Amino acid sequence: VEKMEISGNKEITLKEGKDTVIHVVFTPEDATNKGVDFSSSDETVVKVDENGKVTAVGTGTATITVISKDNEEIKITIDVTVEKYFVRYEYVGSIIPEGVGLPAVGEYSSGDVVTVEGNPSAEGYIFSGWDTEDVIVDAEDKFIMPEQDIVFKGSWTKIPEYKVTYEYIGDIIPTDAPEVPGEAVYKEGSEVEIVVTPSVDG
């Protein structure tokens, strides 16, 4: 063996519990001894078997070393990063109230019990609630983290506003009639108190 390479990236990112296989390419192609030894710098992060199968065990970084059995001076190193699964929240649609942020991205291991973040609120707006097609959420807003990232989405609706105005109608308006009340704006569903009906002598 004169040279070894891998048919892929020398920097790998895996989620906890996932795996991949390292494929080694030899020069020359017809080398008689294509045997290699695989090792991991930290088996609490990643493990590697004799066939080059790399399994993500826990979060962190580790280095996989591949050494030629034909020539121990020929080696390859692969940097592996292991991440947890994330739960992310997104607003959809064109209406997003000013100053309303998103919940922080959460990181979890498979099997963790996750509680969905509470619904945000903003004056003058209605929030749809957090929804996802990725998992089933129970009545207590909890779910078991699967071996995948989860995205919750929600949208905002602006509460309609309406004006209440007052005016005198007809041809007779007493000169000492009270001034017409000013215009008032109310959100849909608000309780409106009607101004007392005016009266004048005669």
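1. A salt bridge here is a side-chain nitrogen of Lys or Arg within 4 Å of a carboxyl oxygen of Asp or Glu. Side chains of opposite charge can pair when their charged atoms come close. This model is predicted, so local features need pLDDT of at least 70, side-chain atom pairs count only at pLDDT 80 or more, and totals for chains, interfaces and linings use all residues. Residues are numbered from 1 along each chain as its sequence is written, and side-chain values use heavy atoms, with hydrogens and water left out.

2. How many salt bridges does a search of the whole structure find? The search finds nine. The points below take up some of them.

3. Lys 69 pairs with Asp 37, with the closest N and O atoms 3.8 Å apart. Lys 69 sits in the loop between β8 (60-68) and β9, and Asp 37 in strand β5 (residues 36-40), so the pair ties together parts 32 residues apart in sequence. Strands (E, at least two residues) are DSSP runs, numbered from the N terminus.

4. Glu 16 and Lys 84 form a salt bridge at 4.0 Å, N to O. Glu 16 lies in the loop between β2 (11-15) and β3 (19-21), and Lys 84 in the loop between β9 (75-83) and β10 (85-92), so this pair links parts 68 residues apart in sequence.

5. Is Glu 16 buried or exposed? Buried means under 20% relative accessible area, exposed over 50%, and partly exposed in between (1.4 Å probe, protein chains only). Glu 16 is buried, at 11%.

6. Lys 3 is partly exposed at 42%, and Glu 5 is partly exposed at 40%.

Terms used: Helices (H or I, at least four residues) and strands (E, at least two) are DSSP runs, numbered from the N terminus.
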